[in-house]
Amino acid sequence: MGSPDLTLAYEAGVELKARSQWAYVRMRFFRHRLAVASLIVLLLIALVAVFAPQVAPYGFDELDLDNTTQSPTLEGGHIFGTDQLGRDYLSRVIFGIRTSLWVAVFVALLATAVGTAIGAIAGYFGGQTDNLLMRFTDLILTLPGLAVLLTAAVYFGSDDSAVLGVRIPQPMKIGLILAFLFWTAVARIVRGLFLSLREKEFVEAAKAAGASDLRIIMRHMLPNCMGPIIVSTTLITATAILVEAALSFLGFGIQPPNAALGKLIADGQGEGFNLWWLVTFPGLVIVIVALAINFVGDGLRDALDPTQRRVRA
Amino acid sequence: MPEASREPILEIRDLTVEFNTEDGVVHAVTHVSYDLHPGEVLGVVGESGSGKSVSMLSVLGLIPQPPGRIPTGEAIFRGEDLLKLPKSRLQDIRGGQVAMIFQDPMTSLNPVLTIGDQISEAIKVHNPGTSDDAARARTIELLDLVGVPFAERRVDQYPHEFSGGMRQRGMIAMAIANNPSVLVADEPTTALDVTIQAQIVEVLKTAQRETHAAIVLITHDLGLIAELADRVVVMYAGRVVELGDVFTIFNSPRHPYTVGLMNSLARLDADQERLEPIPGQPPSLISPPPGCAFHPRCTLSQGRAICRTDVPEFRSFDEGEAHSSACHFAEELGARQVRVGAAEGI
């Protein structure tokens, strides 16, 4: 029953370009210049972090006692200067980014996975299941964040010692503590989306086609939630960087010898304005990374929202 | 069309479905019984809220419980009562031997998956060993069958790249993917415009030729019934009020509601000044009128007491029980012509 017009169109070589949802998402994202620029900055920083041992001019704990507290200079080897022990500050910042980013990404992925699972189950099954899971979520939300963080960090996250017989690196412990507090936002978002998706006819159609609950959740409902999930993951990453920095600044986060951005600021702050670079550079990096992630999240939110037809300048 | 005389493939017996709402219990379906014979097209007609969709959805376990409840009834499909089957067994049957076509193809397809993905999924769920290539080949074959042009290309397109008619073809392809023996079409043409409706009717005919499935055609479009159905079930306020083969129902209806439906139909072959609507509103299903639920709107009842007090028995008018109606005064309608009856103010 091929309509003749369409046949003609195809035969004349008029290619109706089929764009998938993701092609539209890409298109919209790349129109958001600030987001694209931020993404490039982020990727560069991430690359530097991943290849820290190759990129950094010195080891992060390499001492140069002849050149302590050298101010930043383009001559010689220490662009970001050196600290009180003569350690090259650029290298320390690079390794700091490595630790901080690693923790932030770990927190974001773990919090998203846990939050999505809990939100999806609560939203899909509803009733008592929903009630139980959401009251638990509320409980976590009512915990005073900073107090829990500090307590947990002191009692459980201060070294590499084994927990329940499993040896966990100390930065990962900080990540676990943060993820424990951060998954609730994702759970609530996903539950809300599932509550509305559950009533959609295509879900009923999938049920009528014999699809199991798991298949409906994984294949029909989750892909429809990807936009908000991806956005909240990015935003969690940014928050995690800031909170981890704050925690490390207070001395409860990442412990030496690991370098973390917050820890670097904490170590440098005693010197005040004399050794200004000790505080400025890691602080600047934190600001840039957090800002860039937020811009990317902003761009993604616009790009993933199919109702957003406005073209960004 | 095959004769509807063999063993029924689906027997619905005494089915009652209720919904608990804040305003009270909605009696959506009340003591409904009908049979579906292999290979036939059974039209289920009635206005919105008459329980025609709910009766089939509840048979397939697709109404949410709670708030839904099925206090009585059975639905025997191949010796098994669908209402008592465990969930996993019901999942096997849904989309396999009993498939469903939904009303609105705009919302019944998942926007983030390609048409091909969704049809292949239906195939793979019921045939776990199928390879991706085999499923894809079968999907293209199905799309071709239901008249989607350039099936090899369109299989990779998303629902938003399909028109309404094409999507409904896709839905039909998905429904017949596993050669079902029962196909439930829930208002398959309601969301489409008239020219597309005609095409979809053809596709449904093709689908039936191909699968030999018995079709339950749920609709309020009497034209569609006349076009496709072998037998007709007329529902009103959650009850079956008349059942018979399509010619009998159209030529000599034995229930005043059916007569009303016929008279409210625009016809090309009659010189009509205006259509005859059925007076009044459909009753509340929370507190349906006592006796015959149709009596407040009925022109035949003429205030007779029995209509207000007794629920009419569902009676048969011939030996084979091929034509039955639930009206106390069905005989008064007799074999009178519908039009003539209307003119006389029935």
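Modeller: One definition to begin with. The expected span of a helix is 1.5 Å times one less than its number of residues. Also keep in mind that this is a predicted model.

Colleague: Fine. How many residues does helix 8 of chain A have, and how far does it reach?
Modeller: Helix 8 covers residues 170-197 of chain A, which makes 28 residues. From first C-alpha to last it reaches 40 Å, close to the 40 Å expected.

Colleague: Where is the kink in that helix?
Modeller: The kink in helix 8 of chain A is centred on Phe180(A). The angle is about 35°.

Colleague: What about the rest of chain A?
Modeller: Chain A has 13 helices and 2 strands. It has 313 residues, and 43% of them count as buried. Take the contacts in chain A between residues at least 6 apart in sequence: 70% of these join residues at least 24 apart.

Colleague: How is chain B divided into domains?
Modeller: Domain 1 of chain B spans 10-229, and domain 2 spans 236-343. Their centres, taken over C-alpha atoms, are separated by 28 Å. The contact between these domains takes 23 residues from domain 1 and 14 residues from domain 2.

Colleague: Which elements of domain 1 give two or more residues to that contact?
Modeller: Strand 2 (24-36), strand 3 (41-45) and helix 8 (222-228) of chain B. The largest share of the domain 1 side is from strand 2, with 11 residues. That side divides into 11 nonpolar, 10 polar and 2 charged residues.

Colleague: Strand 2 again. What strand order does its sheet have?
Modeller: The order is 2-1-4-5 in chain B, an open sheet of 4 strands with antiparallel pairing. Strand 2 and strand 5 (80-81) each have a single partner strand, so one side of each lacks a neighbour in the sheet.

Colleague: What is Gly73(B) in contact with, leaving aside its neighbours within four places in sequence?
Modeller: Arg13(B), Asp14(B), Leu15(B), Thr16(B) and Leu83(B). As for Thr30(B), it is 43 residues from Gly73(B) in sequence and 9.6 Å away, C-alpha to C-alpha.

Colleague: What about the sheet of 8 strands?
Modeller: That is an open sheet in chain B with mixed pairing, in the order 6-7-8-3-9-10-12-11. Strand 6 and strand 11 (315-316) stand at the edges with a single partner strand each, so each has one side without a neighbour in the sheet.

Colleague: How do strand 6 and strand 11 of chain B pair?
Modeller: Strand 6 pairs with strand 7 (residues 182-186) in the parallel sense over 4 bridges. There, Ile101(B) has Ala185(B) as its bridge partner. Strand 11 pairs with strand 12 (residues 324-325) in the antiparallel sense over 2 bridges. Here Ser316(B) is bridged to Ser324(B).

Colleague: Which residues lie on each side of strand 6 of chain B?
Modeller: Val98(B) and Met100(B) are on one side, with Ala99(B) and Ile101(B) on the other. All four residues are buried, and both faces of strand 6 are covered.

Colleague: Last one. Why is helix 10 of chain B described as largely enclosed?
Modeller: Because 7 of the 8 residues of helix 10 (residues 256-263) are buried. Among them are Pro256(B), Tyr257(B), Leu261(B) and Asn263(B).

Definitions and conventions. Residues numbered from 1 in each chain as written. Chains lettered and ligands numbered in written order. Predicted model: local features only at pLDDT ≥ 70, side-chain atom pairs only at ≥ 80, totals over all residues. Domains from an automatic or database assignment. Contact = placed C-beta atoms within 7 Å. Nonpolar A, V, L, I, M, F, W, Y, C, P; charged D, E, K, R; others polar. Buried ≥ 20, exposed ≤ 12 C-beta atoms within 10 Å, placed from the backbone. Pairing = 2+ DSSP bridges. Bend = angle between axes of the 7 residues up to and from the residue.
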